[in-house]
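Hi,

Here is the structure I said I would pass on. Have a look at it first, and then read my notes below.

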2 protein chains.
Amino acid sequence: METLTAAVLVVGNEVLSGKRADQNGPCAIRTLRDRGIRLDALLTLPDRLEIISEAVARERARVDWLFTAGGVGPTHDDVTLPAVAHALERPLVRHERLVENIRRWHQRRGGTPTEAALHMADVPQGTRLIGDPTFPVMAVENVVMLPGPPEFFRVQLEAFTAVLQSPPFRAASIFLALGEDHFAAALDLVARAHPDVDIGSYPRFDEADHRVEVTFEAKDASRVEVALRAFLAALPDGAVVRRHGP
Amino acid sequence: METLTAAVLVVGNEVLSGKRADQNGPCAIRTLRDRGIRLDALLTLPDRLEIISEAVARERARVDWLFTAGGVGPTHDDVTLPAVAHALERPLVRHERLVENIRRWHQRRGGTPTEAALHMADVPQGTRLIGDPTFPVMAVENVVMLPGPPEFFRVQLEAFTAVLQSPPFRAASIFLALGEDHFAAALDLVARAHPDVDIGSYPRFDEADHRVEVTFEAKDASRVEVALRAFLAALPDGAVVRRHGP
């Protein structure tokens with residue numbers, strides 16, 4: 001089955017320096033998961049144009065959609081739009097509809113926009129404005145440039161991904177009383193025989209009722225079941241504490 | 001002043017797929033900050049050898065220390081050690097001291113290690129074992145390979161970085177009643193005139209007492225103060241709600 005893929009690039013000195021806890025990364029993980037979109041990379045990088053530009057060029061080539069978070073405001077540390085323009089080898093151009101939005105926003109507050117405010121309308125040439133006309137999502141090629149404030153990021157990510165139809169992930173887990181080293185060889189064989197099923201093994205070292213959770217995941221529940229049964233068949237009696245799903 | 005730099009690479013399908021909330025990234029942010037080490041990138045990537053290998057080669061060239069989190073267990077999804085070996089163009093070799101540790105661990109539990117367990121002793125050639133002899137930190141060149149379980153990750157990261165002396169960061173904040181567009185041009189001038197001071201501007205859109213927090217940060221508190229004063233001098237009366245630090 002088709003699986004859409006995505007990467008997320010959080011532009012944020014404030015996250016890397018511990019001034020703000022990142023809310024956009026966890027929000028993207030949840031939202032993309034709910035949409036059946038596979039997240040292949042979550043990168044938090046500093047507000048440096050050349051670093052963001054290089055990451056955009058590299059990551060967008062590997063996935064269907066690259067989402068950036070933050071760096072789209074009017075101050076010197078807002079480098080995402082020029083970085084995306086540079087990565088796509090497009091000029092920055094002033095977008096008339098965005099200028100109109102900025103003017104109207106300031107008019108409602110009884111003022112006129114500064115040049116710095118209008119600078120937020122300078123976007124990579126060819127940028128599409130999607131959805132809500134007063135607060136549109138900005139996308140160019142497969143790069144979607146989302147705002148940094150978490151309440152705006154969430155709204156725009158949910159709106160943009162609502163129309164990306166991808167079948168849901170189907171997952172199952174087995175909880176085991178064995179340590180990983182006692183089934184690693186068997187699980188490796190199962191993983192090789194079922195390359196279409198993502199299989200993960202997560203040990204824990206506390207007082208839980210199990211020592212390892214082994215997860216099986218695919219878009220096709222029947223493939224999950226086949227891989228899971230193959231693994232169960234290779235386990236000794238008494239190894240399984242419980243199972244969950246699909 | 002010298003600033004040590006670091007990048008952190010979380011190896012984790014379980015994080016990207018939303019099965020586990022990442023605890024190691026936030027722990028690394030806090031710990032490195034406390035040590036005065038600047039975190040330049042936090043990457044969460046899937047358990048795929050070629051992707052990890054490429055990221056290790058790229059990121060370690062930009063920073064003093066690259067820390068990896070996870071992927072060092074005995075199962076098929078543990079690809080960090082071979083990925084680091086590949087990135088450094090070193091063979092994987094079985095490390096006798098690690099073999100001894102694994103044997104002893106199993107002996108204490110009345111068993112002998114499986115081949116899968118011993119496989120955890122296969123590390124990039126030249127790997128150094130640092131600190132606690134029964135649970136050493138593994139490092140090769142400037143790559144430090146830390147375990148994924150958060151309780152182990154934290155202990156090893158704290159132990160390894162305890163000896164990396166770097167002066168603490170000195171930070172100050174100004175909380176403003178103005179929107180960003182009203183001071184963006186002035187702040188841009190201050191940022192250009194003080195390239196040794198990291199300046200960030202963080203708007204908020206809720207009912208807080210301020211609209212923007214502007215942060216100034218450097219290793220030298222006097223440089224923070226100089227940049228902060230230059231910005232204050234450019235602000236209109238009544239713009240500042242309060243300030244904090246340095």
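I'll start with a strand in chain B. Val212(B), Val214(B), Phe216(B) and Ala218(B) point one way from strand 11 of chain B, while Glu213(B), Thr215(B) and Glu217(B) point the other way, and all of them are buried. Buried here means that 20 or more other C-beta atoms lie within 10 Å of a residue's own; 12 or fewer makes it exposed, anything in between is partly exposed, and the C-beta atoms are placed from the backbone. By that count seven of the seven residues of strand 11 (residues 212-218) of chain B are buried, leaving the strand mostly covered. Strands (E, at least two residues) and helices (H or I, at least four) are DSSP runs, numbered from the N terminus.

Before going on, some housekeeping. This is a predicted model, in which local features need pLDDT of at least 70 and side-chain atom pairs count only at pLDDT 80 or more, whereas totals for chains, interfaces and linings use all residues. Residues are numbered from 1 along each chain as its sequence is written, and chains are lettered from A and ligands numbered from 1 in the order in which they are written.

Back to strand 11 of chain B and its neighbours. Strands count as paired if DSSP finds at least two bridges between them. Strand 9 (residues 170-176) of chain B pairs with strand 11 of chain B in the antiparallel sense, over seven bridges; there, Ser173(B) has Thr215(B) as its bridge partner. Strand 10 (residues 198-203) of chain B also runs antiparallel to strand 11 of chain B, joined to it by six bridges, and Ile199(B) is partnered with Phe216(B).

Now for how the two chains meet. In all, 47 residues of chain A are in contact with 47 residues of chain B, where contact means C-beta atoms, placed from the backbone, within 7 Å. Several elements of chain A give two or more residues to this side, among them helix 2 (24-34), strand 2 (38-45), helix 8 (184-193) and strand 11 (212-218). Strand 2 of chain A gives the most, with seven residues. The chain A side divides into 23 nonpolar, 12 polar and 12 charged residues.

Which way do the two copies of strand 2 run where they meet, parallel or antiparallel? They run antiparallel, with three bridges joining strand 2 of chain A to strand 2 (residues 38-45) of chain B. One of the pairs to look for is Thr44(A) with Leu42(B).

How do the chains relate overall? A rotation of 180 degrees with 0.0 Å of shift along its axis superposes chain A on chain B, with an RMSD of 0.0 Å. That is the relation of a two-fold axis. The superposition is by least squares on the C-alpha atoms of residues with pLDDT of at least 70 in both copies. Leu43(A) comes closest to the rotation axis of the residues of chain A, at 2.2 Å (C-alpha). The same surface serves both copies, with 100% of the contact residues of chain A recurring in chain B.

Strand 2 of chain A has a partner within its own chain as well: strand 1 of chain A pairs with it in the parallel sense over seven bridges. Val10(A) is the bridge partner of Thr44(A) there. Strand 1 of chain A also runs parallel to strand 3 (residues 65-69) of chain A, with five bridges between them, and Ala6(A) stands opposite Trp65(A). Six of the seven residues of strand 1 (residues 5-11) of chain A are buried, so this strand is largely enclosed by the rest of the structure.

Met120(A) lies between helix 6 and strand 5 (122-124) of chain A and is buried, because 22 other C-beta atoms lie within 10 Å. Leaving out residues up to four places away in sequence, Met120(A) touches Val72(A), Gly73(A), Pro74(A) and Ile102(A). Gly111(B), in the loop between helix 5 and helix 6 (115-119) of chain B, is partly exposed, with 14 other C-beta atoms within 10 Å.

Happy browsing!

Conventions: Contact = placed C-beta atoms within 7 Å. Nonpolar A, V, L, I, M, F, W, Y, C, P; charged D, E, K, R; others polar.
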